[in-house]
Amino acid sequence: MLLGLFIVFALFAGFAGRMLVSDHPQKSDVIVVLAGDSQDERYRHGMELLRAGYGKHLFLDASSDSSYFGRTPAEYADAFLKQDAKDMAGQVSVCPFEDDSTDTETQFVARCLAPLHPASVLLVTSDWHTARALSIFKHRLPQYRWSTAAAHDDRLFGANWWHHREWAKTTFQEWLKVIWWNAIDRWR
């Protein structure tokens, strides 16, 4: 029995990183780029997908409940979009949110989506966050058809998580959040 538990644990450990990733983008009405990226990988990937026709409009989530040097991240994001999006400026906008949680972020995304009446939404987030984000958004906003696109950042994560300390930390922390979501928050 102990040997069986060890084998199950070893198999789980070997696939723990891969099980966090859900990278299956589908053409959708709207693209939502979730907040939480420090290198603009999510945003760049979202814009690539918008240019490739995976959506008609892109929302960039940004916090509106804190400020840095007199402006909120949502205000900084809005100024950045005006400068960076150029020819696609009419197809991109900021979706402000409060509270730092994927679960609560769904409420704010729902408000941003409502005026557009989309049937389908493509979430763009970090590769390690895709499976949990998809589960949360499908559960909280079942009226939309959801898919995910993974933005990769080698500094933070790789499916072979045991190769780098930072990858191991990201994998461990994300699995704690997956467990918390499935055991507690999903049922609230």
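At what angle do the axes of helix 5 and helix 6 cross? In this predicted model, they cross at roughly 20° and come within 10 Å. An angle under 35 degrees counts as roughly parallel, so helix 5 is roughly parallel to helix 6.

**Helix 5 with helix 6**

- Helix 5 passes helix 6 in a left-handed crossing.
- On the helix 5 side, the contact is made by Arg 132, Ser 135, Ile 136, His 139 and Arg 140.
- On the helix 6 side, the contact is made by Glu 174, Lys 177, Val 178 and Trp 181.
- The residues of this contact between helix 5 and helix 6 comprise 3 nonpolar, 2 polar and 4 charged.

**Helix 4 with helix 5**

- The axes of helix 4 and helix 5 lie 10 Å apart, and the two helices pack at an angle of about 50°.
- That angle makes helix 4 oblique to helix 5.
- Helix 4 and helix 5 form a right-handed crossing.
- Helix 4 contributes Thr 102, Asp 103, Thr 106 and Val 109, which meet Arg 132, Ala 133, Ile 136, Phe 137 and Arg 140 of helix 5.
- The contact of helix 4 with helix 5 has 4 nonpolar, 2 polar and 3 charged residues.
- Arg 132, Ile 136 and Arg 140 of helix 5 take part in the contact with helix 4 and also in the contact with helix 6.

**Largest pocket**

- The volume of the largest pocket is about 650 Å³.
- Its lining consists of 26 residues, and those nearest the centre are Asp 100, Ser 101, Thr 102, Arg 132 and Lys 177.
- Helix 4 (102-113), helix 5 (130-140) and helix 6 (165-183) are the elements that each give two or more residues to the lining of the largest pocket.
- Helix 6 gives the most to this lining, with 6 residues.
- Sorted by class, the lining of the largest pocket holds 9 nonpolar, 8 polar and 9 charged residues.
- Some residues nearest the centre of the largest pocket also belong to helix contacts: Thr 102 and Arg 132 to that of helix 4 with helix 5, and Arg 132 and Lys 177 to that of helix 5 with helix 6.

**Second largest pocket**

- The second largest pocket holds about 310 Å³ of space.
- It is lined by 16 residues, of which Asp 37, Asp 40, Leu 60, Asp 61 and Ala 77 lie nearest its centre.
- Two or more residues of the lining of the second largest pocket come from each of helix 2 (41-51), strand 2 (57-63) and helix 3 (73-84).
- With 4 residues, helix 3 gives the most to the lining of the second largest pocket.
- By class, this lining of the second largest pocket has 11 nonpolar, 1 polar and 4 charged residues.

Definitions and conventions
Residues numbered from 1 in each chain as written. Predicted model: local features only at pLDDT ≥ 70, side-chain atom pairs only at ≥ 80, totals over all residues. Heavy atoms only, no water. 1 Å grid on protein atoms, 1.4 Å probe; cavity = no way out; pocket = protein on both sides within 12 Å on 5 of 7 lines; lining within 4 Å. Points joined across faces, edges and corners; volume = space filled by probe spheres on them. Nonpolar A, V, L, I, M, F, W, Y, C, P; charged D, E, K, R; others polar. Axes fitted to C-alpha atoms, helices over the stretch in contact; angles between N-to-C directions. Parallel < 35°, antiparallel > 145°, perpendicular 65-115°, else oblique. Left-handed = near helix turned anticlockwise from the far one by under 90°. Contact = heavy atoms within 4.5 Å.
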